[in-house]
Amino acid sequence: MQLVIVESPAKAKTIEKYLGKDYRVLASYGHVRDLPARDGSVDPDAGFSMEWETYADKGKQLKAIADEAKKADRLILATDPDREGEAISWHVQEVLRNKKALPKEVERVTFNAITKPAILEAMKAPRELDTDLIDAYRARRALDYLVGFTLSPVLWRKLPGAKSAGRVQSVALRLIVEREREIEGFKAQEYWSVTAEMEQDGTPFQARLVKYKGDRLDRLSIGDQGTALAAKKAVEEGRFSVASVETKPATRNPPPPFTTSTLQQEAARKLGFSASHTMRIAQGLYEDGAITYMRTDGVQMDGGAIQEARKAIATRYDGSYVPDKPRQYQTKAKNAQEAHEAIRPTDFSKDKAGSGDHGRLYDLIWKRALASQMASARMERTTIDLEDGTGQHGLRATGQVVLFPGYLALYEEGRDDPVGRSGQQADADADEDSRRLPRMSAGDAPAKKAVNAEQHFTQPPPRFSEASLVKRLEELGIGRPSTYASIIQVLKDRAYVRVEKNRFFAEESGRLLTAFLERFFQKYVSYDFTAELEEELDDVSGGRAEWKEVLEEFWRDFKPRTAEVMEQKPSDITAALDEFLAPYLFPQKADGSDPRLCPNCGNGRLSLRGGRFGAFIACSNYPECKFTRRFAQPGGAEGEDSGPEVLGNDPDTGLPVERKSGRFGPYIQLGEGKEAPRASIPKDIELDLEWALKLLKLPRTIGNHPETGSPITASIGRYGPYLAHEGKYARLQSTAEVFETGMNAAVVKLAEAASGAGRPARGAAREPLKILGKHPRTEAEIKLMDGRYGAYVTDGETNATLPKSIDKDQLTLEEAAQLIDARAAAGPAKGKGKKKAAPKKKAAPKKAAAKK
């Protein structure tokens, strides 16, 4: 018997079907062990020795693999054909060696597609494990561990509120933060455009003013309304005729098939997928045998696949859409490595595969791969220049005609926002280029219908989308195809960034962390250093460098630097950050006044302070002046906090009610002093004196419970509005309910909360949120359910909780099946499946033997 190890159960089942009865195929369910999250897992003083630990939930599966390995004559490691796949195979081999279950014959096979021909062909060409790839994996893993476990303690002690920092994630975060700074520092510039609506032989077209008073104009030349109106008048009064017509042929070549990064970019642009979602769907398509391996830098396709694509093009269109020679592509990615075949369909005759998100992503991959072998598009670009009788003023009209669509008949690549220009302006330029123009020749005088002068403003560079961030990381040579999705996900999970309308916004904690790293670890968040380190790791993959030497060189400088920062006082760190962030926190004021002057007391100086819950701005006259401002609220005309706002006086005490801003946000306060009543301001109200007085009097006593006689109160806590009674709570939906809920409603809500907030009683049937369909491998019906701890999927026997990274509304059948398979392989949840043994009855005490 021959034992084959792959990563996933779906892959295992398919491959076992192709190989036949002599083979047993088992899944490792991904990585089986890792460096434990504790100090000392990597020991630089012992030659960077690494202590690996088996995942707790992989014990059952590894036992099954070991049991089969003991009976096997040959072990075939058939994990994915990249560095991570090589590492998984190595880990499985080491675990079996430690268990003394390793067969004498161990071989490694790789394949780029899960199809029968690809699998059988791979089995004919086994090899040994690639030690260079394994060394590169160990080097990366050790580097990430050393950075995380050396830098994180520094952050915890010197930068309150910071969670952790990563070698590559911190550089990606810096990109997002720097873009935020560019946007904040951007000053819009006014400019005007003058256009004429014209007509020739019944065909309307638009011409733009490009010459005024003999001077050539660029887009920003007309900067004020007066000049624009004068130019408009000159165009209205002038009689324009065609001075020249220039027609040029143009060709557009198709883009290459997808690599990992270009797939993530295009799926984000066209389908709205996150990078992690794209990779999950692509993994499913790969395991189903629909596409080739999806983690690659390569842009070339196999020769046989190219011939299949050319045949499919000829069948779908005609011979004119097939170029004379097959197209060959070369990667432009910096530091391209792991150059497997590009991502493509395994069968070009299939234009559909899967449903839902799987179907949409497959359609994108199929069209891109097929288009890459199609003929170029041929266009004709026309430029018409018109001049008035004086020759002082000129108009220009441009247009484009598609003579032959070529690959554009099937696919057109999406595009990102141009940096520094508005999307609206970019769209206007694209529309101008694609317009059809009437036939004209020199001397023609088209009719002038109207002249328009429009005001515009230059736009700041756009915030990064997932597509543009991945593209920028790739351009800089930072990260690798298999890491982009996880890099972005870590930034989201740690709340260093937030995503709004598919754009990244830097959060307060992300900005502060980036400032700290730029100030004290500048070298290690520089783009060049990170890219050079990636090159060194690629040299290890290629056998051109020794992995321990790369680690030694990094550690030699990094360790002393962290020790040096650790020795500094927190106050010194804060002072350095205060100076470093001054342009952001205290920007120059238009009136020239001191931006650090306290707006509350009028003579104190504002500066950055560190607190238990993070950084904030405070006055130097503390405790006499208690003015504070959140770190994320910069000074300046718009962001400046003008100090306390008096809402009015309390009619009972006569004390002033003030709205203030503190390190945790806005709040209200009655009177002065440490004991002064305070209350946070909820987001669902429009604050006025009446609301402020209500909030300051919380908690509100509704009355005594009719059964217990104990009071029921309503208030607002850390998690929102709630009811309380004898240590038990019930959630309210809004701030208004705190003041409007009566006794009857309060009793009902508390009773519902005590019985499970209206959830079905234990054992009662729940209604599924959605029926996803039959499990592709077991045929059991999979349902999406709402549980006490969040959404989960079930096939009737196994329940699997949805990870935070998966949106239940976008969950696919294959994703649900994989979650259930992984949960089943992990065995019963801790504490489940084991019944408590009945307590043993105590034996009756023996009677003392009678004395003889």
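Strand 29 (770–774) and strand 30 (residues 781–787) of this predicted model run antiparallel and are joined by 4 bridges, strands being DSSP runs of E with at least two residues, numbered from the N terminus. Lys774 has Glu781 of strand 30 as its bridge partner. An open sheet is formed by 4 strands in the order 29-30-31-32, with antiparallel pairing; two strands pair if DSSP finds at least two bridges between them. Strand 29 and strand 32 (799–801) stand at the edges with a single partner strand each, so one side of each has no neighbour in the sheet. From one strand to the next, the twist averages 25 degrees.

Residues are numbered from 1 along each chain as its sequence is written. In this predicted model, local features need pLDDT of at least 70, side-chain atom pairs count only at pLDDT 80 or more, and totals for chains, interfaces and linings use all residues, while side-chain values use heavy atoms, with hydrogens and water left out.

A search of the whole structure finds 0 disulfides, a disulfide being a pair of cysteine sulfur atoms within 2.5 Å. Cys598 is in no disulfide, and its nearest cysteine sulfur, that of Cys619, is 3.7 Å away. For Cys625, the closest cysteine sulfur is in Cys598, at 3.7 Å, which is too far for a bond. Cys598 is buried, with a relative accessible area of 2%, where buried means under 20% relative accessible area, with a 1.4 Å probe and protein chains only. Cys625 also counts as buried, at 4% relative accessibility.

Methods: Buried means under 20% relative accessible area, exposed over 50%, partly exposed in between (1.4 Å probe, protein chains only). Axes are lines fitted to C-alpha atoms, for helices over the stretch in contact, and angles run from 0 to 180 degrees between N-to-C directions.
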